[in-house]
Amino acid sequence: MRIEHVDVVVVGGGVMGLATAWALVRRGLRPVVLERFARGHREGASHGATRNFNNAYDEEHYLDLLVRARQGWDALGSVGGESLLRLHGLVTHGDIDIAAVRSGLEGRGIPSAVLSPAEAGARWPGMRFGGDVLWSSDAGVVRAAEALRELERRVVIGGGEVRWSTPVERIEEDSDGVGVSVAEDIHLRAETVVVTAGAWTRTLLPHFGLPRLTVTEETPAHFRPLTDAPWPSFNHYVQPGTYPATVYGMPTPGEGVKVGFHRVGDEVDPDARPHLPTHQRALSDYVREWMPGLDPAAPEPISCTYTSTGDGAFVLDRLGRIVVGAGFSGHGFKFAPGVGGVLADLAIDPAARAAAPFRLP
């Protein structure tokens, strides 16, 4: 058996694992990231060109994490001559307490304004609004694919390593550290292990005391714009019973405008995912009613997974020598540099704690 002694093992090479590894190399460590799939795979939750950089939160712990994440995105800088954040702004409307969200943003110095339906409709003629709209210019999208590549690059030049197509078989803690088996004859040893394995978290940590993690296949779609009118990112909290769930979306250059229902997909086995679109008729009906600037007739579905806790809250905690980041519930990508920083803190300092709502019971 070949035994490798390393600083820290990070299990899972999606955005959360790579962000954690980057935070660790910035602290002088040399993490090894183990990812079961090949680079660029589409089996998890991190692939695709864009993710919503949605700042419309009113909970203190998410706002704190958002500020930390924004600092991380800024520190990553430009890739290909463009920032990893496209700050074309975000509109939030519908069945939500806009005043509470605006108050939370103002408390963090994040700009926002309330627009009337007429003002918003004049500015974004491709959309329809039934009430007041919260506008934040400090939001938009993350260039997701470029972010993954840049995070990996930063990890490697910082002395870390990313091993693709390297599934983990077992994680075992003992009095001297943690062992991670990747094959019968390859065993890694480290002081701590960080697990950011998404849909496979419970399989790797069956006795960790995690909450129920539900894996669903979600299928938003890209719709073709009918004009060259500008598009913001958006949240629309619909009245219960009118559509399956809250609607979110964002422009994706070259692909259209992404529109999706939040957390409505069928529960799936991540190792036997059907990659079948659902709720496409309802999505087209929504676009037909609320987005006159899009063609509702020809959606191009996208498949991804959510791994969700019951209330959608993240899990960021440490037990013994094992740190876990899980349950990002379809709204985690934007927070990745902040999450990576928290998980790195937990890995380095046994006394560190994430915000109380993120801890295990």
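Predicted model: local features only at pLDDT ≥ 70, side-chain atom pairs only at ≥ 80, totals over all residues.
Local features need pLDDT of at least 70 and side-chain atom pairs count only at pLDDT 80 or more, whereas totals for chains, interfaces and linings use all residues. Residues are numbered from 1 along each chain as its sequence is written, and side-chain values use heavy atoms, with hydrogens and water left out.

**Second largest pocket**

- The lining of this pocket comprises 14 residues, of which H236, Y237, V238, Q239 and W290 are the closest to its centre; a lining residue has an atom within 4 Å of a point.
- Two or more lining residues come from each of β8 (90-94), β19 (233-237) and α7 (280-290), with helices (H or I, at least four residues) and strands (E, at least two) taken as DSSP runs numbered from the N terminus.
- By class, the lining has 4 nonpolar, 7 polar and 3 charged residues, where Ala, Val, Leu, Ile, Met, Phe, Trp, Tyr, Cys and Pro count as nonpolar, Asp, Glu, Lys and Arg as charged, and the others, Gly among them, as polar.

**Cavity**

- The structure holds 1 cavity of 30 Å³ or more, a cavity being a set of grid points where a 1.4 Å probe fits but cannot get out.
- The volume of the largest cavity is about 70 Å³, which is the space filled by probe spheres set on points joined across faces, edges and corners.
- Its lining includes E217, E218, T219, P220, G260, F261, V264 and H279, and β17 (214-218) and β21 (256-261) each supply at least two of the lining residues.
- This lining divides into 4 nonpolar, 5 polar and 2 charged residues.

- Angles under 35 degrees count as roughly parallel, over 145 as roughly antiparallel, 65 to 115 as roughly perpendicular and the rest as oblique.
- On the α1 side, V15, M16, A19, T20, A23 and L24 meet α8 residues including A336, P337, V339 and I348, contact meaning heavy atoms within 4.5 Å.
- The α1 contact with α8 has 12 nonpolar, 3 polar and no charged residues.
- The axes of α2 and α8 come within 6 Å and cross at roughly 100°, so these two helices are roughly perpendicular to each other.
- Here L65, R68, A69, G72 and W73 of α2 touch α8 residues, among them G338, V342 and D345, and the contact has 7 nonpolar, 3 polar and 2 charged residues.

**Packing of α2 with α5**

- Helix α2 (residues 60-76) and helix α5 (residues 144-157) pack at about 75° with their axes 11 Å apart, which means that α2 is roughly perpendicular to α5.
- W73, A75 and L76 of α2 meet A147, E150, L151 and R154 of α5, a contact of 5 nonpolar, no polar and 2 charged residues.

Notes: 1 Å grid on protein atoms, 1.4 Å probe; cavity = no way out; pocket = protein on both sides within 12 Å on 5 of 7 lines; lining within 4 Å. Axes fitted to C-alpha atoms, helices over the stretch in contact; angles between N-to-C directions.
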